[in-house]
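Here is a walk through one protein model, taken a part at a time. Keep the structure open while you read.

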Amino acid sequence: MIEMFQPDFMQRAFLAALLVGITAPSVGIYLVQRRQALMGDGIGHVALTGVGLGFLFQANPIWMAVLVCILGAIVMELVRARGNQRGDIALAMLFYGGMAGGKLLVSMSSQAGSGSLESYLWGSILTVSPGDLAVIGGLAAVVVAVTAGLRRQLFAVCQDEEFARVTGLPVRVLNLLLAVMAAVTVTVAMRVVGLLLVSALMVVPVAAAQQLTRSFAATQAAAVSVGVVTALLGVGTSYQADLPSGPTIVILAILAFALFSAVAAPLARRRHRNRIAAEHGPAVCDVVLPGQGASAPRSTGRGPNAQRPAPADLAAEAAEGTEAAEAATGAARASAGTAVPAPLSGETLSSRGLAQ
C-alpha cells in the first residue's frame with residue numbers, strides 16, 4: 001500500500017484526482033440546481049475539437065480545449081437564454097459536430113494516434129505530466145475561487161432568475177460566468193475521468209449528497225467530500241487492479257449514491273414521524289372510563305374524542321329538569337295566593353269532552 005505513493009506519476013495522479021474531486025462537484029451543484037445536469041456532457045463533446053486542434057497545431061491540448069470549451073459554453077448559454085423552439089436542435093448540432101470535428105482533426109494530425117485520443121475520451125490519470133498538473137492546478141484554483149466567492153449570487157440566479165434580476169444582480173453575466181466555469185471544469189477533469197464521463201463526476205456526488213443534506217451549504221460540502229473520496233479511491237483501485245481510472249471513479253461515485261439512498265430512506269421516515277409528533281402532540285381524552293369514581297371528570301361532548309351520552313340519560317336529565325321547573329312554578333303561585341290546579345289525567349280530559 002505504501003509503495004503505491006512512491007512513484008512520481010502516482011503522486012501526480014493522486015494530486016490531480018484531489019483537484020478534480022474538489023472542482024467538479026463545486027460547479028456541478030449549480031448545474032443540478034438549474035436542472036442542467038447534462039451540460040457537462042455536451043461541453044465534453046465540444047472539448048474534443050479543442051483536443052484535435054491541439055494535436056493538429058502541436059500545441060497543449062488542454063489549453064486548446066479550454067478555449068474551444070469556453071466558446072462552446074457561451075454559445076450554449078446564449079441559445080438557452082433565447083429559449084426558442086429550435087434551441088435543442090442547435091445544441092445537438094453543436095455537440096455532435098464537436099465530437100465529429102475532434103475525431104477528424106485528430107486523424108489529420110500526425111502527432112497523435114488512437115491511443116492518445118482514448119486517453120482523453122476515457123481518462124488516463126497515470127500519464128499526467130508535471131506541465132499538465134500545473135495547468136490543472138491553476139484552472140482548479142480559478143474555478144474554486146469563483147464558485148466559493150460568488151456562492152450567494154450564483155445560488156440566487158440558479159434558484160430564481162426573475163427574483164435575482166429584481167434584486168439587481170447581473171443575471172446574464174452570472175449565467176455566462178457559470179457556463180465558462182463549467183467549461184473550465186471539463187478541461188480540468190478530462191485527463192482524470194475522460195471527456196465522456198466528466199459529467200458524471202459533476203452530477204453524481206451532488207445527487208448523493210442531496211440524499212442526506214437539507215441545505216445548500218451542507219450539500220455543497222458533502223458533494224465535495226464524496227467527489228474527493230471517490231476520486232482518490234478510484235485512482236488507488238485502478239492502480240491496484242490495473243483498471244482505467246475514469247470508469248473506476250464513476251462506478252465508485254454511483255455506489256456512493258446507492259449507499260446514501262439506502263441510508264436516507266429510514267432517516268426520512270424517522271424525520272416524518274418526529275414532525276408529526278411535534279405538530280399534533282399526544283391525544284388528550286376526558287371520557288369517563290368504566291370503574292372511575294364520581295369525582296372523575298365527565299366528558300364535555302365537544303372534543304373529537306368525547307363520548308356522547310346515551311338517549312336514556314338524555315331523557316332522564318330532561319325529566320329532572322321538567323319536574324324542577326313545575327315545582328318552582330307551583331311555589332311561586334302558592335306564595336301569590338293563586339290556586340294551582342292538579343294535572344289532569346287522560347280519563348278526566350275525555351270525560352270533560354263528553355260532557356261538553
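A residue is called buried when its relative accessible area is under 20% and exposed when that area is over 50%, with partly exposed in between. This matters for helix α6, where Asp132, Leu133, Val135, Ile136, Leu139, Ala140, Val143, Val146 and Thr147 are buried. These residues cover an arc of only 160° around the axis, so they are on the same side of α6. The face turned away from that buried side carries Pro130, Ala134 and Gly149, which are exposed.

What covers the buried side of the helix? The elements that cover the buried residues of α6 include α1 (8-33), α3, α7 (151-159), α9 (171-189) and α11 (216-241). As for its length, α6 spans residues 130-149, which makes 20 residues. From the first C-alpha to the last, α6 reaches 28 Å, close to the 28 Å expected at 1.5 Å a residue.

Before going further, note that the model is predicted. The mean pLDDT, the predictor's confidence in each residue on a scale from 0 to 100, is 79 for the protein, and 76% of the residues reach 70 or more. Two stretches need care. Over residues 293-308 pLDDT stays under 50, and the model has 19 contacts for them beyond four places in sequence. Residues 332-356 also have a pLDDT below 50, and this stretch has five contacts in the model beyond near neighbours in sequence. Where pLDDT is low, the predicted coordinates should not be read in detail.

Now turn to the nonpolar core. The largest one has 73 residues, and Val27, Ile43, Ile125, Met202 and Val235 touch the most other members. Helix α9 gives the most to this core, with twelve residues. Val143 and Thr147 are among the buried residues of α6.

A charged type of residue can be looked at next. Is glutamate 77 buried or exposed? Glutamate 77 is found in helix α3, residues 61-82. Its relative accessible area is 4%, so it counts as buried. Apart from neighbours within four places in sequence, glutamate 77 is in contact with Arg34, Asn175, Leu176 and Ala179.

Cysteines come next. Cysteine 69 is buried, with a relative accessible area of 1%, and cysteine 158 is buried at 9%. A disulfide is a covalent bond between the sulfur atoms of two cysteines. With a cut-off of 2.5 Å between cysteine sulfur atoms, the count comes to zero disulfides.

Most residues other than glycine have a negative phi. Arginine 35, in the loop between α1 and α2 (39-56), has a positive phi near 60°. Arginine 35 is exposed, because its relative accessibility is 81%. Aspartate 242 lies in the loop between α11 and α12 (245-280), and its phi is positive too, near 55°. Aspartate 242 has a relative accessible area of 70%, so it is exposed.

Finally, return to α11, where valine 229 is found. At 46% relative accessible area, valine 229 is partly exposed. Valine 229 and alanine 256 are 27 residues apart along the chain, and their C-alpha atoms are separated by 9.8 Å.

Conventions:
Residues numbered from 1 in each chain as written. Predicted model: local features only at pLDDT ≥ 70, side-chain atom pairs only at ≥ 80, totals over all residues. Heavy atoms only, no water. Contact = heavy atoms within 4.5 Å. Helix = DSSP H or I, 4+ residues; strand = E, 2+ residues; numbered from the N terminus. Buried < 20%, exposed > 50% of the residue type's maximum accessible area, 1.4 Å probe, protein only. Expected span 1.5 Å × (residues − 1). Arc of directions from axis to C-beta. Core = buried A, V, L, I, M, F, W, Y, C linked by side-chain atoms within 4.5 Å.
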